[in-house]
Amino acid sequence: MKVNNCQVAIIGAGPSGLAVASELAKAGVDDIVVLDREANAGGIPRHCGHSPFGLREFHRILSGSEYARRLQRQAEDYGARVWTGATVTEIGANGKLTLSTDAGMQGLSAEKIVICTGNRETPRSARLVSGSRPLGIVTTGALQSMVYLKHRLPFKRPVIIGTELVSFSALLTCRHVGIKPVAMIDSNPWVTFWKAATLLPRLLGTRLLLNTSLEEIHGQERVDSVTIRNAAGKMETLACDGVIFSGNFVAESSLIRGSHLELDARSGGPIVDQYGRCSDMDYFACGNLLHPVDTAGWCWAEGMRTAAYVNASLGGELTQPDRMLEIESSSPSIKYFTPQRIALPERLADRKHPGLQIRFNDNFRGRISLQNDSVDLIGCNIRARPECRVLLPLPSGDRLSACRSLSLEFLPA
Amino acid sequence: MPDYSTSDSLPDTLYDVVIVGSGVVGCAMARRFALEGAKVLVLEKAVDILDGASKANSAILHTGFDAPAPGSQEHTCIVDGYNEYLEIHSRLNLPLLECGAMVLAWNEAEAGRLEQIMQDAHRNGVTAARIINTRQVLAKEPKLASSVVAALEVPGEFVIDPWSAPYAYLLQALENGASLARNCELLGGSFDGSEWTLETARGTLRSRQLINCCGLYGDLLNQKLIGQSEFEIRPRKGQFVVFDKSARSLVQSILLPVPTEVTKGIVVCPTIFGNLLVGPTAEEQHSRVDAGVDSAQLQALIERGNSILPALSQHAVTATYAGLRPATEHKDYQIQWYPERNYCCVGGIRSTGLSSALGIAAFVYRQYTDAGNRHAPLADYHWPQVNRIADPGARDWQQPGNGGIVCHCELVTRREISQALDGQIACHSLAGLKRRTRVTMGRCQGFYCSAELSELTQGKFPQPIGIPCK
């Protein structure tokens with residue numbers, strides 16, 4: 001098997017991966033390879049034909065596809081190599097990757113590897129939805145890549161399941177090509193994304209059905225209808241020719257499952273320290289793989305920070321820690337948090353680090369705190385919503401160094 | 001030999017044998033008769049093969065240890081089918097997962113019944129079956145719930161690829177002279193004492209012999225052609241949950257429950273593709289087409305799986321599906337000859353068809369020659385090599401010139417897809433493409449590759465994945 005070498009390999013050329021590449025290359029690291037299994041770089045934004053993207057990164061409003069092109073161009077201009085059509089099939093110890101391209105299987109050996117494989121939506125099957133399994137059932141990602149990259153329509157009158165940001169993105173995608181969604185359906189009594197967003201489906205003639213669950217999908221060859229149930233238990237059959245399962249993002253951690261890296265059962269991504277280092281410290285991770293789901297801009301900014309950590313690690317500034325302090329949590333309201341461990345002593349002080357990124361699994365008000373031996377180190381009152389990040393700054397390195405055990409606790413108001 | 005396109009009318013030809021239905025039984029039947037030198041045509045009403053009962057099963061290659069007693073059609077066919085699969089699989093490049101099985105007893109009452117199951121197994125020729133105690137079970141399957149009491153170990157139960165196998169049988173039939181017509185329903189027929197005249201959706205055909213391998217429609221075809229049926233199909237739905245590949249390492253072998261009078265029960269089983277399967281349910285129903293899944297049943301399967309393997313609760317569900325078994329009011333297979341009408345019905349092949357298909361074909365061919373029919377067997381026949389889409393074994397993504405990976409979850413290459421779309425027995429539906437290549441059957445269920453597939457399959461499927469924007 002042919003084996004290639006590079007200094008830093010980045011797996012995934014989405015916003016976070018390309019940000020890591022640009023920033024590292026700019027800092028003078030040569031021999032950076034960004035691998036992407038798709039034919040084109042850019043990650044999820046490349047199939048978002050709509051705006052707004054790029055305000056934070058390029059100070060202007062761009063479509064997702066234009067934003068993706070600019071990110072790639074920037075990384076390449078700084079000297080990183082973007083290698084598309086290359087699927088990493090296995091990650092191993094000592095920075096050894098196995099990949100597959102048109103040329104077959106080959107190896108790639110790198111000093112440091114950054115995993116930026118992002119996230120994807122939960123499909124119908126994992127949601128255990130009842131009914132037949134005809135054509136016309138897609139996720140938003142599948143719909144958008146079909147519409148924007150291949151100019152094809154999977155249906156004309158679908159229903160949209162979910163009211164997250166991406167659900168409205170699905171609505172806009174439909175509108176762009178003349179698909180008229182029949183209804184937007186959410187089992188919650190509220191719109192997950194943003195209250196004012198309820199105006200959009202109304203303007204577009206799409207029924208917004210909250211407090212409503214999808215009971216069954218019908219149709220043999222193609223979807224012909226769905227049965228829904230409202231809060232009062234009343235069943236209704238909606239004629240439609242497709243179902244878009246939107247949101248409910250999960251980490252695309254296929255490479256990590258079954259590898260030597262430790263996986264966090266809560267987030268579905270790898271366990272990392274405050275520098276994004278995995279359990280094998282030759283590996284870093286950043287972006288939506290760690291916290292499904294955040295915006296492209298947030299992932300890009302995290303990529304910029306992670307690049308600095310990778311660089312410090314290459315330069316010998318960020319070395320193996322003396323000890324790892326695991327952050328425990330027994331709170332059932334917390335869906336996940338990242339990082340899950342703190343490397344001590346803190347070798348790099350990063351004032352821009354956002355601290356702990358936390359997701360809750362429902363609407364909550366209360367106090368979130370990081371405790372050492374049941375004593376608050378830092379805490380704040382919060383109002384949490386599902387799919388919205390809550391940030392809790394990390395205490396200083398000195399204070400952390402004095403800690404024996406860390407736990408993240410939430411006390412509902 | 002021809003795989004007739006799905007639209008043209010068929011030439012009016014006289015065949016030795018027309019086989020109705022291209023499920024696993026029809027495919028194995030075509031292979032047997034073609035290799036024996038008969039002129040064979042397979043009729044299929046769907047646009048693709050394996051589109052009925054054969055599209056969904058547990059993919060186990062059974063030894064027949066728990067089959068009806070020796071002498072039953074089912075036992076005979078399973079034993080012969082099992083042996084023939086082991087004999088031919090490597091020549092067709094078909095995979096075999098030699099994992100073995102265990103019948104698990106979860107209480108003393110069940111443990112008490114293992115002895116009888118073992119004796120039945122020994123009677124059925126599976127002499128290696130033996131009872132092992134809790135400690136031995138847990139040594140072999142350390143992730144099992146520790147409440148397991150004992151088990152019957154059945155080393156010969158294996159797992160195979162449920163679609164590549166019948167596909168390979170039919171491919172070998174075609175490469176050795178058989179013909180296939182899909183999208184070609186058999187509408188009616190009459191027998192004049194020596195030949196059948198068959199009305200199909202695409203013209204009239206003639207055949208000396210007719211073999212009904214219609215699975216879920218076997219009784220209806222009997223009624224249509226010979227005005228009688230010795231059995232009635234009572235479809236029995238089985239739902240399955242497929243767990244993520246990360247769960248595969250939780251088990252070594254196929255985990256079977258102690259069966260009841262009604263059902264063989266819910267199995268936890270590795271798949272040849274590296275997943276873990278839990279199912280099936282057993283639900284009697286009238287519909288011969290409705291293979292829908294039900295949320296509550298799927299949830300119950302997951303809970304059953306978790307109770308057998310507690311660590312399973314940490315693993316995600318990749319897919320859910322349901323299949324329909326063509327059960328009848330009888331316990332045994334319903335392989336019936338009507339020699340005065342040159343007609344054979346292979347019915348009621350309810351849940352062991354994948355294991356027994358090759359045996360059924362040999363069984364039917366023996367009866368066919370016993371009735372005085374003779375052909376000159378092919379002296380030397382061709383062995384096609386099918387694509388290996390299951391690990392272990394050389395996969396296309398490892399080879400040069402594969403065109404790149406399209407389905408990332410299942411590592412399906414552009415070359416494999418183009419072979420399935422344009423090669424022999426080309427698929428004409430997304431379901432057919434999935435069976436041949438496994439596209440969209442992995443973790444993301446099409447999140448990443450649907451768009452690419454909609455383009456690659458443009459113009460190939462009567463039911464397209466997507467239509468071009470105006």
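This is a predicted model: local features need pLDDT of at least 70, side-chain atom pairs count only at pLDDT 80 or more; totals for chains, interfaces and linings use all residues.
1. Residues are numbered from 1 along each chain as its sequence is written, and chains are lettered from A and ligands numbered from 1 in the order in which they are written.

2. Take B:Leu50, in the loop between strand S3 (40–43) and strand S4 (60–61) of chain B. Its phi is positive, about 60 degrees, although it is not a glycine. B:Leu50 is buried, with 25 other C-beta atoms within 10 Å (buried is 20 or more such atoms, exposed 12 or fewer, partly exposed in between, with C-beta atoms placed from the backbone).

3. A:His151 sits in the loop between helix H4 (140–150) and strand S10 (152–153) of chain A. A:His151 is partly exposed, with 15 other C-beta atoms within 10 Å. For context, most residues other than glycine have a negative phi, and most peptide bonds are trans.

4. The bond joining A:Ser51 and A:Pro52 is cis, with omega about 0 degrees, and A:Pro52 belongs to the loop between strand S2 (32–36) and helix H2 (55–58) of chain A. In chain B, the peptide bond from B:Gly279 to B:Pro280 is cis too, omega being near -5 degrees; B:Pro280 is in the loop between strand S16 (276–279) and strand S17 (283–284).

5. Now strand S20 (residues 343–347) of chain B, where five of five residues are buried. Both faces are covered: B:Tyr343, B:Cys345 and B:Gly347 lie on one side, B:Cys344 and B:Val346 on the other. Strand pairing (at least two DSSP bridges) links S20(B) to strand S12 (residues 203–212) in the parallel sense over three bridges, with B:Asn212 opposite B:Cys345. Strand S19 (residues 334–338) runs antiparallel to S20(B), joined by five bridges, and here B:Gln334 stands opposite B:Gly347. S19(B) and S20(B) make a hairpin with four residues between them, and B:Asn342 in the turn has a positive phi of about 45 degrees.

6. For helix packing, see H1 (residues 24–35) and H5 (residues 164–175) of chain B, whose axes come within 8 Å and cross at roughly 30 degrees (axes are lines fitted to C-alpha atoms, for helices over the stretch in contact, with angles from 0 to 180 degrees between N-to-C directions). That makes H1(B) roughly parallel to H5(B) (under 35 degrees; over 145 is roughly antiparallel, 65 to 115 roughly perpendicular, the rest oblique).

7. Then the chain interface. The contact (C-beta atoms, placed from the backbone, within 7 Å) takes 43 residues from chain A and 44 residues from chain B. On the side of chain A that touches chain B, H4(A) gives the most, with six residues. The two chains also share strand pairing: two bridges join S10(A) to strand S23 (residues 467–468) of chain B, running antiparallel, and A:Arg152 has B:Pro468 as its bridge partner.

Notes. Two residues are in contact if their C-beta atoms, placed from the backbone, lie within 7 Å.
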